[in-house]
Amino acid sequence: MIAGFSTTSGRFDWTGFIFAILLAIVIAVPLLVVFTWAFTEVWRYPSVIPQKFGLRFWDQTLSRADVWEALSISLRLSATVTFLSALICLPAAYAFARMKFPGRDLFFLSFLASHAFPKFGLLVAIASIFLQLNLIATFWGVVLIQLVGTLMLMIWIPVAAFQAVDRRMEEAARDVGAGPLRVFWSITLPQAFPTIFAAVLLTFVSTFYETEGAWLIGAPQIRTMPVLMINFINNQVVIQYGAVLSVILWVPSFIALMFARRVIGTGAFAKGFGA
Amino acid sequence: MGRGLKGLLLIAIPVFLVGWLIIYPIFAAILSTLFFDGPEGLRFSTASYQFFISDPYSRANLALTLWTTGMCAVLLLIVGLPIALYLRFSTNRFADLVQSLAIFPMFVPSIILSYALIRTIGPNGTVDILLNAVGLPKIKSPYLTPWGPVIGLVWDHLPLTVLMLTAGLGSISNSAIEAARDVGAGPLRVFWHIILPRMGNSILVTVSFTILGIFSAFTLPYVLGPASPEMMGPFMLRTFNALYDPLNAKTQAVISFAFCLFFGIFYVWSIARNQKGQSR
C-alpha cells in the first residue's frame, strides 16, 4: 500500500522527488568525476567529455613501487589492528552485556572518552607520550594509536548484538543439559554473529582509511595508502594516479560495506556513536 | 572465581587502553604545558599559552577553526533537519531512496572525497566545465579557500547528522502530531510547537557530536583549505611533525580541548542518561 512513489494521501511525492534529485547530484557527481578520471588518458578544459579514454594510467600506477609498499603496510596494519581489537574487545563486550561486576556502567561509558574530545588534539597528546617511549615512526606505534580509535565501535556494537540475543533460547538449551560454552557456541554466537561481523568489517575498513594517526605517528617511515594519496594530491604528480588509486581502494571496501548496510539500518550502528 | 572478578578481567585490557591512551595523555598534556622542571624543582608557567594568545598567526588559525566549525554546524542543521523530518513522516519508495543517498557519504573515505572535490569544484573542474558548456562564467573556486573545507566537511558529516536527527524524531509520537493537526495547526506550527520542543535535546547532541568531529578535522582542511591561516588540525600536525615542537603542539591541543569541553561533557552526559533510561 505504501510501496509506490506517492504519499499516503495518494499524491505524487514531490518533496521526496526533489530531495532525491538534489542529493543524487551533490553526492554522485564528485564520485562520477573520479571514475571518469581513472579511465581517462587526455581530458583538457573545456571539453565536457574526455578527449581520450584508456587504461594507460592503470599500468603506470600499478607499476609504482611506492604504491605496492603502501598497500602492503596498510593491509598489514589494518589486519593487525582489527585482529587485536576483536581479540580484546569481543570478550569485554560479552562481559558488559551479560555479567554483573562493580563499576560496570562507568567502565562502559569510559569508552565514550575517545569521542568526547576533539580527535586530533587527543592524537597530539598521545603522540607526545609516544615520543618519550620511542614509538614514533614505528609500526607498533601506529597499531596502538589506531587500536584506540576502534575500541568504542568494537565494544558498543557487539554489546548491542549480545543483548539482542533471545535469553529464553539460551535458558532452554541449558535446561536440556548444554554447558555454558556449548550454549555460547551454538545459541549465542550464531545469533549475534551478523552484527559482530559487521562491526569487524567496519573496523577493518575504517582502520584502512585512517589518515591522521597514521601520519602523525608513522611519518616518515610508515607510509599508508591514504598518506601516499595525500602526497599524490599535494605534489600534483599525475591527476590520474589519485583517481586510479581511489577506484582500486574504494570499490572493494564499498562492496564489503554494503553487506554491513543491513546493520546500519537497524540502529545498532547509530548506537555505536551514541545516538 | 567470582563472576564479578571474571567480568572485570574480561574488560581489563580495553579499559586499561582507555586509561593509558586517552585519559592519561590528556592530563599529561595539560600538566606538562603548565609545569616545567627547573633548577629549583617544579615551576609553574603559562608561557606557552601566552605565546599562543600573543601570536597573531595562532589566533588567526583558532578564529578560522571556530568560523569553520560554526558554519558547518549551521549548514548541517539547515540541510539535515528537513531531510530527517521528511524521512520521519514518509514511507514511500522515495523515502528509502533519500535515506540511502543521505547515508552514502559514510562509505566514502575523506581522502577520496578530498580528491573528488578538487576535481569537481577546483579550478577548471567539472563544475567549471559544465558552466562553460552552457555559456555561463566560471565560479570563483572554493578550493584552497575557507569554503573548501566547509563543503567537504558538510558532505562528510551529513549521514551521521541525518541518522542522529532521525533517531531523535523517532521518539515523537504520531498521536501528538495528529492531535495538533486535528485542531487545525499547519505544518509550520506543528514543527514549531510540537516537534521542535521535543527534539531540542537530540539537536544539541547532534550539534555537539558535529562540533567535536569538525573542530580538529584534519584531512579535508589540509587538502582543500588555505595554507594560511590553517585549521587547528593541520596546524597541530605541522607544529608537531615539521617544526618538532611538541610543547606548542600540546598547548594547541589543550586549547582545542578547552573550546570543546562543554560539547564533550554534554555529549557524554546525554548518552549516559539515555543508557540509564534503556537499562531500566
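Chain B meets chain A through 79 residues that are in contact with 83 residues of chain A, where contact means C-beta atoms, placed from the backbone, within 7 Å. Helix α1 (residues 3-32) of chain B supplies the largest share of the side of chain B that touches chain A, 19 residues. That side divides into 58 nonpolar, 16 polar and 5 charged residues; here Ala, Val, Leu, Ile, Met, Phe, Trp, Tyr, Cys and Pro count as nonpolar, Asp, Glu, Lys and Arg as charged, and the others, Gly among them, as polar.

This is a predicted model, in which local features need pLDDT of at least 70 and side-chain atom pairs count only at pLDDT 80 or more, while totals for chains, interfaces and linings use all residues. Residues are numbered from 1 along each chain as its sequence is written, with chains lettered from A and ligands numbered from 1 in the order in which they are written.

**Confidence**

- The predictor gives the complex an ipTM of 0.91 and a pTM of 0.91.
- Chain B has a mean pLDDT (the predictor's confidence in each residue, from 0 to 100) of 90, and 98% of its residues reach 70 or more.

**Nonpolar core**

- The largest nonpolar core has 156 residues, and I155(A) and V98(B) have the most contacts inside it. Such a core is a set of buried Ala, Val, Leu, Ile, Met, Phe, Trp, Tyr and Cys residues joined through C-beta atoms within 7 Å.
- Helix α6 (residues 139-164) of chain A gives the most to this core, with 17 residues.
- Domain 1 (14-57) and domain 2 (61-272) of chain A both give residues to this core, so it lies between them; these bounds come from an automatic or database domain assignment.
- Leaving aside neighbours within four places in sequence, I155(A) touches C89(A), A92(A), A93(A), F96(A) and F111(A), plus P14(B).

**Chain A layout**

- Chain A has 12 helices and 2 strands. Helices (H or I, at least four residues) and strands (E, at least two) are DSSP runs, numbered from the N terminus.
- The radius of gyration of chain A is 23 Å, well over the 19 Å that the globule rule gives for 275 residues, so chain A is more spread out than a compact globule. The radius is taken over C-alpha atoms, and the rule is 2.2 Å times the number of residues to the power 0.38.
- Its C-alpha trace spans about 75 × 65 × 35 Å along the principal axes.
- Of the 275 residues of chain A, 45% count as buried. Buried means 20 or more other C-beta atoms within 10 Å of a residue's own, exposed 12 or fewer, and partly exposed in between, with C-beta atoms placed from the backbone.
- The centres of domain 1 and domain 2 of chain A, taken over C-alpha atoms, are 31 Å apart.
- 6 residues of domain 1 of chain A are in contact with 9 residues of domain 2 of chain A.

- Most residues other than glycine have a negative phi, and most peptide bonds are trans.
- Y45(A) and P46(A) are joined by a cis peptide bond, with omega about 5°.
- A cis peptide bond also joins S228(B) and P229(B), with omega about -5°.
- N134(A) has a positive phi, near 60°, and counts as exposed because it has 9 C-beta neighbours inside 10 Å.
- N124(B) has a positive phi too, near 55°, but counts as partly exposed, with 14 C-beta neighbours inside 10 Å.

Conventions:
Two residues are in contact if their C-beta atoms, placed from the backbone, lie within 7 Å.
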